[in-house]
Amino acid sequence: MEKKNGFFNKLFGGLEKTRQQLTDRISALVSGHSELDEEFYEELEEILILSDMSFETVEALIEEVKKRARKMGTKESRVAETLLREILIDWLTDPPKESELKSKLHILLVVGVNGAGKTTTCGKIAALEKNNGLQVMLAAADTFRAAAVEQLMIWGERAEVPVISQGQGADPAAVVFDAIQAAKSRDVDLLICDTAGRLHNKKNLMLELEKIHRVLKREAADASIEVLLVLDATTGQNAVHQAKTFHAITPLDGIILTKLDGSSKGGVIVPIVKDLQIPIQFIGVGEGIDDLQEFNAEKFVDALFPQTVDKA
Amino acid sequence: MANLFENLSDRIQGSLKKLTQRGKLTEKDVNAALREVKLALLEADVNYKVVKDFIGKIKERAIGIEILDSLNAGQQVVKIVNEELAELMGGKSEALKLEGMPAVLMLCGLQGAGKTTMAAKLAKKISEQGHAPLLVACDVYRPAAIQQLKVVGGQVDVPVFSIDGSQDPVKIANESIDFARKNGRDVVILDTAGRLQIDETLMTELQDIVASVVPKEILLVVDAMTGQEAVNVAKTFEDRLHLTGVVLTKLDGDARGGAALSIRAATGKPIKYVGLGEKVDDLEVFHPDRMASRILGMGDVLSLIEKAQGAYDEKQAQALEAKIRKQQFDLNDFLDQLQQLKKMGSVQDLIGMIPGMNKKQLQGAEVNEKDLVYTEAIILSMTQKERINPSIIDGKRRKRIARGSGTTVQQVNQLLKQYKEMKKMMKQMTNMQKQFKRRGKMKLPFPGR
């Protein structure tokens with residue numbers, strides 16, 4: 001539980017400026033504008049766009065606020081904040097998960113564009129699950145970026161988890177192949193495969209990723225495999241394209257939103273979760289080994305729009 | 001969503017299409033068109049406040065335009081938008097200031113922006129300009145960051161200065177200056193750790209480095225995919241460090257790069273270079289006009305042309321042209337062409353730069369780069385005699401060529417057929433050219449400047 005407190009401090013700390021900006025501006029809007037009219041909505045739209053939610057999403061969000069306000073039969077602007085919170089929580093709440101882990105070996109394939117924070121995230125997940133009592137192994141399948149293998153090795157040491165690697169320039173699919181064999185023979189519970197950063201519009205690199213995924217499915221047919229996309233919270237609308245393209249090549253089971261300790265709002269996840277129905281699994285809130293936490297829609301929205309008079 | 005604004009100019013014209021009356025554009029007409037501009041800019045991640053200011057400016061200029069016909073009015077609005085945007089993006093690209101012995105250049109930015117890769121690219125560019133740079137590993141926090149700099153330093157053949165075990169970037173920066181002087185290195189490039197602009201300790205550390213070694217260039221490295229927050233990031237770095245410029249990375253992605261505009265508006269500092277890939281050569285000078293078109297979703301034709309011209313040797317082009325005219329184009333020339341094409345980079349990347357080419361259209365028309373490899377292999381498996389005179393290639397020869405190139409006889413047949421058709425086409429073109437001679441020479445396939 002101690003950890004959780006630390007997490008909230010970090011999340012709130014990081015989001016503080018954001019929160020201040022968003023809620024202050026919304027509060028100011030509400031106090032200066034008591035009625036829910038077009039002018040109010042127009043200003044609300046401006047405020048919300050600063051969170052990196054796409055224009056479309058903001059429009060949909062405002063439509064929904066209008067609808068719910070009508071249902072409530074109110075025209076008072078002070079309901080707006082509560083409604084926004086409600087709607088966002090609805091949208092961000094995970095779609096129900098289908099299956100529990102049946103198989104012994106669980107494999108995570110961690111993908112994303114360059115500089116999103118894949119290697120760091122792999123290290124953090126390894127430490128987290130190791131502490132949860134699992135046998136964890138890392139696979140250094142980013143064989144492209146200079147010193148990526150060394151970087152993962154250091155994370156392996158920190159988390160006290162073995163790292164399977166073949167060095168820079170090796171075939172990433174071969175590294176994954178090796179890692180699966182090693183994981184099977186060493187009775188590993190969780191194998192985490194780090195991959196090279198690739199921009200989603202690079203056809204050849206996406207095909208390479210597809211191949212890695214194929215090798216995983218073939219060589220570890222009885223394992224449960226999850227593909228996780230690492231997204232930088234600082235990213236703008238391109239994150240939506242990233243999610244869509246990666247999802248098309250290697251169907252995504254979840255998203256990890258990194259760098260949420262910064263001042264960015266991470267609002268771009270709203271259209272992703274809402275439209276693509278891919279759940280956010282973890283959020284990264286720092287460079288430390290335990291700066292990774294499970295995503296919770298309610299708390300995420302809390303951090304964005306802290307509860308005001310309504311509940312306090 | 002991706003293609004919604006593929007062509008902003010169409011959308012602006014569409015919004016003005018309903019205009020039937022002649023006269024002047026009213027505020028109401030302009031507002032409708034500007035809504036499209038606003039959406040396009042927001043979708044491109046330009047900061048909301050910047051968009052608002054910008055729209056205000058355009059509005060002033062657009063109201064009162066004479067409507068001759070609706071299309072014309074639309075074109076005029078597009079022109080204003082383009083001009084204002086290019087103006088906002090800044091004038092001519094600015095060179096790096098490399099004065100002092102040594103000149104110090106510092107890179108800073110958020111985590112994962114691409115500082116280390118950019119350090120190597122700049123080192124390469126600077127050495128090509130006749131300098132002797134030194135890369136300095138001041139990122140003492142990220143695991144293996146120093147190792148990464150050493151590897152990329154090796155790739156560009158530039159020495160890397162680091163102090164093993166040191167946790168003090170200020171000290172490393174300081175000592176690197178002495179090292180550079182002693183070793184005849186005239187430019188020092190400091191690679192610093194990624195940091196959040198709200199991290200007080202690390203921002204102070206950067207200020208300490210600046211105070212200590214006084215860099216001539218302080219460049220903020222920004223990911224082109226950055227969203228609304230780009231303004232706050234850039235503003236804080238500017239306030240704390242007084243940047244001399246900005247470097248935009250990952251522009252080889254499909255982000256529209258509106259952050260460039262936000263940063264420019266927030267700091268007033270020029271964008272000096274852009275990163276266009278993971279290879280050490282993938283660095284280009286920033287072109288404000290091209291960025292403006294890109295942000296508006298109008299493609300980057302100029303970069304495409306330049307890329308083609310850069311790869312294509314003009315002399316070779318002339319020789320080829322002469323051959324085509326005399327209809328002596330043989331398989332050796334065909335091979336030459338292929339190799340030139342390969343130099344230009346990925347065919348997919350090139351196609352991506354063509355305006356109006358969106359992914360939907362690309363489907364089905366995808367270029368399989370493997371085919372090019374096969375084609376090359378097939379020609380390379382032919383004798384010189386066969387390449388010059390392909391008509392001698394009979395069944396037996398085809399079998400041999402297929403075996404030699406690891407392909408099938410069908411593939412060899414296909415290539416020969418393609419060659420035949422190409423020759424036929426060239427014949428037609430040359431004939432056409434003769435007929436239209438008065439209009440000036442038509443050059444093939446990539447004209448020189």
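Visitor: Is Met89(B) buried or exposed?

Guide: A residue is called buried under 20% relative accessible area, exposed over 50% and partly exposed in between, with a 1.4 Å probe and protein chains only; Met89(B), with a relative accessible area of 2%, is therefore buried. This is a predicted model, in which local features need pLDDT of at least 70 and side-chain atom pairs count only at pLDDT 80 or more, while totals for chains, interfaces and linings use all residues. Residues are numbered from 1 along each chain as its sequence is written, chains are lettered from A and ligands numbered from 1 in the order in which they are written, and side-chain values use heavy atoms, with hydrogens and water left out.

Visitor: Which residues is Met89(B) in contact with, leaving aside its neighbours within four places in sequence?

Guide: Contact means heavy atoms within 4.5 Å, and by that rule the partners of Met89(B), apart from those neighbours, include Ala260(B), Leu261(B), Phe286(B) and Ile295(B). Lys269(B) lies 180 residues from Met89(B) in sequence, yet their C-alpha atoms are 9.7 Å apart in space.

Visitor: How many residues does the contact take from chain A and from chain B?

Guide: Chain A gives 50 residues and chain B gives 42 residues. Buried area is the accessible area (1.4 Å probe) that two parts lose on being put together, summed over both; for chain A and chain B this is about 3,900 Å², with 55% of it on carbon and sulfur atoms.

Visitor: How many salt bridges does the rule find across the interface of chain A and chain B?

Guide: A salt bridge is a side-chain nitrogen of Lys or Arg within 4 Å of a carboxyl oxygen of Asp or Glu, and the rule finds 3 across this interface. Lys52(B) forms a salt bridge with Glu46(A), with the closest N and O atoms 3.2 Å apart.
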